[in-house]
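Here is a short tour to read alongside the sequence and the model. Please keep both open as you go.

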Amino acid sequence: MSDLKRLSDALQKGDVKTVNALTTQALRTGFSPQQILNEGLIAGMDVIGVRFKANEIFLPEVLVVARAMHVGLNILKPKLVETGAKPVAKVLLGTVKADLHDIGKNLVGMMLQGAGFEVIDLGIDVPYARFVDAVKSNNAQIIAMSALLSTTMPHMRATIEAIHKAGLANKVRILVGGAPVTQRYADEIGAHGFAPDAASAVDKARELVGAF
Amino acid sequence: MNVSNITIIGERINSSRKPIARAIEEKNTAFIRDETRKQLQAGAHFIDVNAGAFAEKEWPNLKWVIETVMAAGDAPLCIDSSDPEVVREALAICGGSAMVNSISAEKERFSSLLPIIREYDCKVVALCLDDEGIPSEPDGKIGVGSRLVNNLVKNGIKPTNIYVDPLVMAVSTDKRSGVVALQTIEEIHKRFSGVHIVCGLSNISFGLPVRKLMNRTFLVMAMAAGLDAVIFDPLDKQMMANLITATTLLGLDEYCKDYIAAYRNNKLET
């Protein structure tokens with residue numbers, strides 16, 4: 001088995017120790033950090049995403065994998081910066097104003113990171129202006145926002161309106177999700193994408209980056 | 001038949017469920033009427049009504065739901081909205097027998113809903129949540145819940161009209177979520193006599209397989225800690241059987257009447 005395949009497997013098992021050892025070893029062997037990221041960590045996270053979506057594995061198991069992924073990412077990050085490797089895209093992430101539910105948001109963030117996106121997590125209960133300012137100051141290509149309550153959904157529309165008002169509508173693609181959110185609501189409020197779950201959010205984000 | 005000592009709030013008429021959203025859109029009176037009657041027959045004391053998924057069009061849709069449910073039976077309603085204007089309009093139709101779901105210790109929400117609750121002298125679900133968010137430790141939850149109860153009572157709300165909701169979190173993302181909820185229930189129960197404690201049963205199992213098993217097990221544990229009201233689907237036979245049995249085991253079922261009646265009505269065979 002190739003070294004990077006072994007890394008991917010260790011990641012899928014959430015084996016922190018082995019991920020640590022194999023990531024370090026792969027760098028020493030001469031693999032580029034980008035290749036380790038793509039063929040080791042991202043490859044492993046892709047499998048996890050598919051299995052999670054298919055209900056073969058469950059949320060706590062994904063969290064164990066996430067812990068291992070962060071160990072690998074932390075080793076690679078400085079090397080990626082040194083080699084000037086670019087993230088797939090920058091994503092601003094947050095739950096909308098008045099919404100405090102962050103399980104889904106965190107899961108999406110983790111999956112996106114695992115897929116090579118740079119994720120700037122604005123947290124929960126994010127006011128419209130924070131999204132707008134963050135687009136300006138971070139030059140992000142995607143906003144991914146969630147609302148878990150039907151009562152906080154209207155803040156998605158208002159956030160999108162604020163983005164338009166700030167003249168940033170052509171600069172950024174907007175991805176929405178959360179239990180009560182539907183494709184129809186996403187279309188209605190002018191979001192560019194809707195994802196019903198975390199794995200789909202990654203697919204959708206990749207699609208939106210391609211659309212630039 | 002009805003279980004006497006646990007308040008059951010039937011959760012089925014919620015617009016986040018697709019068949020319900022469709023029925024509301026199509027103004028399918030028969031469908032909502034059936035949903036109402038089935039829940040009442042299964043033992044619901046309150047019928048929760050929610051049209052929040054229609055976001056900006058919540059009120060016209062909720063109004064239709066309320067009128068339809070009221071025409072279908074005479075059970076009190078549980079108005080499931082956090083928009084004070086919607087709550088006010090709803091109470092104007094169904095009056096003081098209703099329950100409002102829900103108020104919280106968030107300043108704006110508290111001050112806008114309080115006068116409405118007081119005016120109609122209705123029951124209210126009180127969430128352990130303030131402007132800082134949902135506390136993750138039992139001490140924080142108990143603190144927020146206690147302050148909220150005290151503030152409500154100080155402002156003229158009867159303790160027996162208050163239903164504290166500890167806001168149960170998923171055990172899949174924090175292994176202590178179950179314990180935190182149970183400790184909160186126990187302490188609120190101990191501190192405030194007459195005040196009710198309510199919760200939903202599905203959050204606890206989020207992200208895990210065989211959720212109904214976990215929900216049922218949690219219900220029994222929560223009842224042992226002092227939970228005396230519950231928001232769930234009363235058509236879930238197994239859940240209902242567990243609820244009835246737990247009521248009996250907690251000494252709330254005189255001469256085991258509810259348990260035996262449930263047996264005779266084939267409610268214990270799951």
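Which residue forms a salt bridge with Lys53(A), and how far apart are the closest N and O atoms? The partner is Asp203(A), with the closest N and O atoms 4.0 Å apart; a salt bridge here is a side-chain nitrogen of Lys or Arg within 4 Å of a carboxyl oxygen of Asp or Glu.

Please bear in mind that this is a predicted model, in which local features need pLDDT of at least 70 and side-chain atom pairs count only at pLDDT 80 or more, while totals for chains, interfaces and linings use all residues. Residues are numbered from 1 along each chain as its sequence is written, chains are lettered from A and ligands numbered from 1 in the order in which they are written, and side-chain values use heavy atoms, with hydrogens and water left out.

**The two domains of chain A**

- Chain A is assigned domain 1 (3-82) and domain 2 (90-210); such bounds come from an automatic or database domain assignment.
- Taken over C-alpha atoms, the centres of domain 1 and domain 2 of chain A are separated by 25 Å.
- Contact between the two involves 13 residues of domain 1 of chain A and 13 residues of domain 2 of chain A, where contact means heavy atoms within 4.5 Å.
- About 1,100 Å² is buried between these domains of chain A, with 72% of it on carbon and sulfur atoms; buried area is the accessible area (1.4 Å probe) that two parts lose on being put together, summed over both.
- Of the area that domain 1 of chain A buries against domain 2 of chain A, 34% comes from Ile42(A), Met45(A) and Lys53(A), more than from any other three residues.
- Two salt bridges are counted between domain 1 and domain 2 of chain A.

**Where chain B meets chain A**

- On the chain B side 18 residues are in contact with 14 residues of chain A.
- Chain B and chain A bury about 1,300 Å² between them, and carbon and sulfur atoms give 67% of that area.
- One salt bridge is found across the interface of chain B and chain A.
- In a salt bridge between Arg184(A) and Glu25(B), the N to O distance is 3.0 Å.
- This pair joins two chains, because Arg184(A) lies in helix H8 (residues 183-189) of chain A and Glu25(B) in helix H1 (residues 18-25) of chain B; helices (H or I, at least four residues) and strands (E, at least two) are DSSP runs, numbered from the N terminus.
- Arg184(A) is exposed, at 55% relative accessibility, while Glu25(B) is partly exposed at 40%; buried means under 20% relative accessible area, exposed over 50%, and partly exposed in between (1.4 Å probe, protein chains only).

**Salt bridges within chain B**

- The count over all chains is 19 salt bridges.
- Glu106(B) pairs with Arg109(B) in a salt bridge, the closest N and O atoms being 3.1 Å apart.
- Both partners are buried, with relative accessible areas of 18% for Glu106(B) and 19% for Arg109(B).
- Another salt bridge joins Glu187(B) and Lys190(B) (3.8 Å, N to O).
- Glu187(B) and Lys190(B) are separated by about one helical turn because they are three residues apart in helix H7 (residues 177-191) of chain B.
- Glu187(B) is partly exposed at 23% relative accessible area, whereas Lys190(B) is exposed at 61%.
- A network of salt bridges links Arg12(B), Glu35(B), Lys38(B) and Asp233(B).

**Strands of chain B**

- Strand S2 (residues 46-49) of chain B runs parallel to strand S1 (residues 7-10) of chain B, joined by two bridges; strands pair if DSSP finds at least two bridges between them.
- Ile9(B) has Phe46(B) as its bridge partner in S2(B).
- Three bridges connect S2(B) with strand S3 (residues 77-80) of chain B, again in parallel, and Val49(B) has Ile79(B) as its bridge partner in S3(B).
- Phe46(B) and Asp48(B) point one way from S2(B), Ile47(B) and Val49(B) point the other way, and all are buried.

**Around Ile13(B)**

- Ile13(B) sits in the loop between S1 and H1 of chain B and is buried, with a relative accessible area of 0%.
- Leaving aside residues up to four places away in sequence, Ile13(B) touches residues including Ile47(B), Asp48(B) and Val49(B).
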